[in-house]
Amino acid sequence: MTRSAGPAGTPAEASAEASAERSAAWADSAFAGLAAENRRLRAELVRRHLLDLATGVLAVQLGISTADAAEHLTALARATGLAAEDLSADIVNAVATSGSLLTAPGDAPGRSAPEVLPPDDLPPVLGRRLRRTAAAAEIADGVAEGARTLLQGGLAPLGAESLWLWRCAEAGSLRLAGHAGVGATEAAAWWSIPPAAPAPIRAALAGNAAVWLEDGPADAGPLPGTGPDAARAVLPLRRRGATVGVALVCWPGPTELGSSVRRAVTGLMDVAVAVLDRPEAEEPGAPALVDVLDALVHPGALLRTHPTTGAPALDHVNEAAAAALGGALPADDRSLHRAFPHAHEELARLVRRARHTRRPQHAARLPAGRPGGAPGPLLDVRVLPAGADRSVVLWHTVGDPGVAAGRAVARLQSVATFQDSLTGGDTVWSEQAYGMFGMSRHEAPLPLLALRGRVHREDGEALTQLLRTLTECRSGAQTVLRIVLPDGAVRHVRVAAEPLLERDTVTGFVGVYQDVSATRRTELALTATFDHLTAVRDQAELRHQLALQLQQAIVPEVTALRELPGDLAVAARYRPAAKEYQVGGDWYDVLPLPSGKVLVAVGDIAGHGIDTVTGMVALRNAQRALAFTGSPPRQLMSWLNEVTLRTGGGATATAVCALYDPEDGGLVWSSAGHLPLLLIRDGRARLLEPPHDILLGAVPSYTYQERRTVLRPGDTLLLYTDGLVERRRDGLGTGLARLVSAAGRLAGRGSPELLVDGLLGAALGDTDDDTSIVAVRVRRPGEAEAEAQAEAESGAAAVAGAVTVTGAATGTGAVPVTGVRPDAGSGTGTGSGAGG
């Protein structure tokens with residue numbers, strides 16, 4: 001594996017780094033700060049409690065108000081140079097001369113009692129620690145929390161390893177109220193002690209005095225603890241002269257328990273009496289699971305499902321989970337909503353699914369999104385069913401590279417791995433990655449953020465989306481990129497990656513590369529082979545059907561030609577698709593109507609093939625029939641839309657329908673999503689802005705708009721389909737601009753036939769789609785006679801026109817249409833009624 005520092009520079013890289021910095025600041029203030037604030041408030045509460053105790057002592061001793069006592073305490077702290085809480089501990093300890101912090105208790109019957117130690121024999125540092133511990137235990141929310149405080153702050157410095165607190169119950173039995181430093185399994189075994197208790201416990205209860213066992217209980221009977229020779233102390237817990245419970249302190253081995261240790265332990269157990277008033281711990285229903293969770297270094301929790309509501313609640317959390325959740329939860333509210341306010345719904349669904357299926361459930365992160373103000377997410381969440389009403393929840397707060405890499409590798413097989421750092425670390429590649437990118441092992445590996453220079457330009461957006469998902473959405477993603485090798489070859493590489501998270505901060509990526517070039521080539525080869533075999537099998541039938549349907553669809557019935565009114569000259573061409581069997585749906589029509597107006601129309605049905613041509617014929621004939629109603633173009637287009645919806649089999653089409661009135665030269669037209677008309681006037685070409693209406697067959701009962709354009713003598717109007725202007729690598733706007741430029745150059749030719757032939761010859765489009773084009777020219781006075789004379793003098797031109805007509809009937813040439821030519825008397829596709 002080799003490493004390389006990760007450069008930055010592109011917008012995606014800068015966005016990733018900025019996102020990581022924002023996430024780090026946000027996570028530090030929201031998640032880690034929550035636990036720190038909770039600890040600070042708890043420490044301040046303990047400090048305030050200790051100061052209040054000392055203030056009360058001074059107020060009684062000096063006979064002053066509590067406010068004056070508080071000021072006096074502050075002044076004493078400044079004068080002595082002690083911290084206020086240390087001075088408060090000394091004051092409270094000093095007045096407890098009759099209490100157990102300063103007086104050694106008597107031993108159990110049969111032992112000699114030690115002498116009473118003077119107050120100054122207790123080390124000040126130890127005395128202050130014990131008093132602070134006592135103050136913290138006195139404000140504990142429950143017996144279990146109080147026991148942990150007494151053990152960690154007071155007993156552990158004395159060498160003790162565990163503390164047990166039993167409360168006296170009915171019939172002389174004892175019930176465990178709290179414990180610390182003890183496993184759940186062992187606690188369950190000693191949860192209830194019958195009246196026939198072990199001898200040391202009976203002795204402490206009977207004599208109301210502590211029993212000190214420096215070498216263990218020996219033959220006195222079993223007691224909780226590490227071993228039979230480990231030191232123990234059994235102390236009665238008394239309140240107002242009555243025994244209310246028993247405490248057991250255990251050491252890891254034989255220990256000499258001197259007078260100061262005994263006095264300190266006895267004093268702490270006086271505090272334990274007050275702790276017994278707090279809510280006691282519940283007996284664990286699955287102690288073995290609790291012990292397993294407590295042994296884990298990452299967060300874990302045991303959930304219990306309510307038998308009536310079915311809602312899961314926390315039964316136990318280990319130390320890592322308590323820290324992740326901002327501290328211990330209150331005993332009166334251990335719901336998921338309280339513990340996981342932003343992920344409780346998703347977590348509850350996982351728990352229900354685990355209980356229902358009896359199978360472990362997994363989620364990469366909870367919550368799946370990123371709620372505002374939320375702490376860091378739960379990562380790699382696993383929920384395991386544990387009996388009828390319990391579930392175990394495990395999660396991480398920091399992204400684990402091994403787990404994240406495992407998720408990425410699970411997506412693919414036989415891949416090269418990588419790992420990137422966003423915090424100043426290195427990029428790591430496995431050996432296979434160098435071959436995929438055509439690089440030497442001596443070259444530095446490329447971070448994912450610096451991969452853009454090797455990616456095909458058409459795949460840049462795919463890389464950007466991958467990086468955005470990793471850095472902004474903080475979730476895994478995969479894509480296929482074309483990698484351009486140094487020698488110019490292109491390789492298809494699948495990239496699957498996962499973000500590395502520290503709370504909610506993206507610190508890097510791990511993932512895999514897979515060369516899928518061979519797979520792509522195999523897929524293409526198999527597809528081509530299948531298509532070839534299918535074509536060979538169906539070739540004879542396909543040719544027969546094409547010949548039959550093309551004859552019926554492309555060569556429709558043609559009406560007799562007449563001279564078009566209004567001195568109109570019309571030329572039209574249809575160019576079939578370049579591919580032999582890719583028959584398109586273009587059509588055009590120029591038709592004089594009984595009203596004296598002239599119908600000019602062009603349309604294009606989406607798609608190719610026999611069904612498309614059949615639909616084209618139906619729409620063209622329907623438009624012809626509807627035009628005889630004398631209705632305006634907008635009404636004709638609305639009717640044609642309904643025809644498309646009811647007879648098109650789901651097809652859609654674009655079309656433009658225009659009616660020219662020779663009386664005033666007005667052209668009224670409507671467009672159904674078609675390309676704009678082109679007007680040539682005074683040698684200049686421009687596009688007419690079309691109505692912004694939808695195409696035919698999209699929605700029913702649509703009302704189309706109209707435009708009116710006045711045509712002057714000498715004007716030429718061009719109607720066309722997309723095959724004339726579309727190019728594979730250019731936008732439609734570029735193609736229309738080329739058309740305007742070409743039409744302007746050809747405007748001087750005057751004749752519509754020369755214009756359409758010139759535009760087709762210019763090869764403005766390259767999509768190999770079929771093309772229809774119609775040019776309508778309003779002749780100037782005398783222009784018709786000049787054209788007729790020129791035609792009569794050029795017999796060769798007439799012969800060439802006949803050859804063109806013959807070619808159009810066979811589908812190999814262009815079809816001219818002029819409104820002033822006599823009727824040819826055949827269905828060859830010429831004249832105003834011809835169409836493609």
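## Thr-721

Leaving out neighbours within four places in sequence, Thr-721 is in contact (heavy atoms within 4.5 Å) with Asp-586, Val-602, Gly-603, Asp-604, His-674, Leu-675, Asp-770, Thr-771 and Ser-772. This is a predicted model, in which local features need pLDDT of at least 70 and side-chain atom pairs count only at pLDDT 80 or more, while totals for chains, interfaces and linings use all residues. Residues are numbered from 1 along each chain as its sequence is written, and side-chain values use heavy atoms, with hydrogens and water left out.

Thr-721 sits in the loop between strand E26 (716-720) and helix H19 (732-746). Helices (H or I, at least four residues) and strands (E, at least two) are DSSP runs, numbered from the N terminus. The relative accessible area of Thr-721 is 0%, so the residue is buried; buried means under 20% relative accessible area, exposed over 50%, and partly exposed in between, with a 1.4 Å probe and protein chains only. Trp-587 is 134 residues from Thr-721 along the chain, and their C-alpha atoms are separated by 8.7 Å.

## Chain totals

The chain has 836 residues, of which 47% are buried. Its secondary structure comes to 22 helices and 27 strands. Of the contacts with a separation of 6 or more, 61% are between residues 24 or more positions apart. The accessible surface is about 38,600 Å², and 54% of it belongs to carbon and sulfur atoms; these areas come from the Shrake-Rupley method with a 1.4 Å probe, and for residues only the protein chains shown count as cover.

## Nonpolar cores

A nonpolar core is a set of buried Ala, Val, Leu, Ile, Met, Phe, Trp, Tyr and Cys residues joined through side-chain atoms within 4.5 Å. The largest has 34 residues, and Leu-155, Leu-165, Val-249, Trp-251, Val-265 and Met-269 have the most contacts inside it. At least two residues of this core come from each of helix H4 (124-138), helix H5 (143-155), strand E2 (162-168), strand E3 (174-180), strand E6 (232-239), strand E7 (242-250) and helix H8 (259-275). H8 gives the largest share, nine residues.

Apart from residues up to four places away in sequence, Val-265 touches Leu-155, Leu-158, Trp-212, Leu-235, Val-249 and Trp-251. A second, separate core has 30 residues, including Phe-418, Ala-433, Leu-485 and Val-506.

## Helices H17 and H18

The axes of helix H17 (residues 610-627) and helix H18 (residues 633-647) come within 10 Å and cross at roughly 145°. Axes are lines fitted to C-alpha atoms, for helices over the stretch in contact, and angles run from 0 to 180 degrees between N-to-C directions. The crossing of H17 with H18 is right-handed; a crossing is left-handed if the near helix is turned anticlockwise from the far one by less than a right angle, and right-handed if clockwise.

On the H17 side, Leu-619, Ala-622, Gln-623, Leu-626 and Ala-627 meet Leu-636, Trp-639, Leu-640, Val-643 and Thr-644 of H18. The residues of this contact divide into eight nonpolar, two polar and no charged. Here Ala, Val, Leu, Ile, Met, Phe, Trp, Tyr, Cys and Pro count as nonpolar, Asp, Glu, Lys and Arg as charged, and the others, Gly among them, as polar.

Arg-167 lies in strand E2 and counts as buried because its relative accessibility is 18%. Its contacts beyond four places in sequence include Val-143, Arg-175, Asp-277 and Glu-280.

His-492 lies in strand E16 (residues 490-502) and counts as partly exposed, at 22% relative accessibility. His-492 and Met-436 are 56 residues apart in sequence and 9.2 Å apart, C-alpha to C-alpha.
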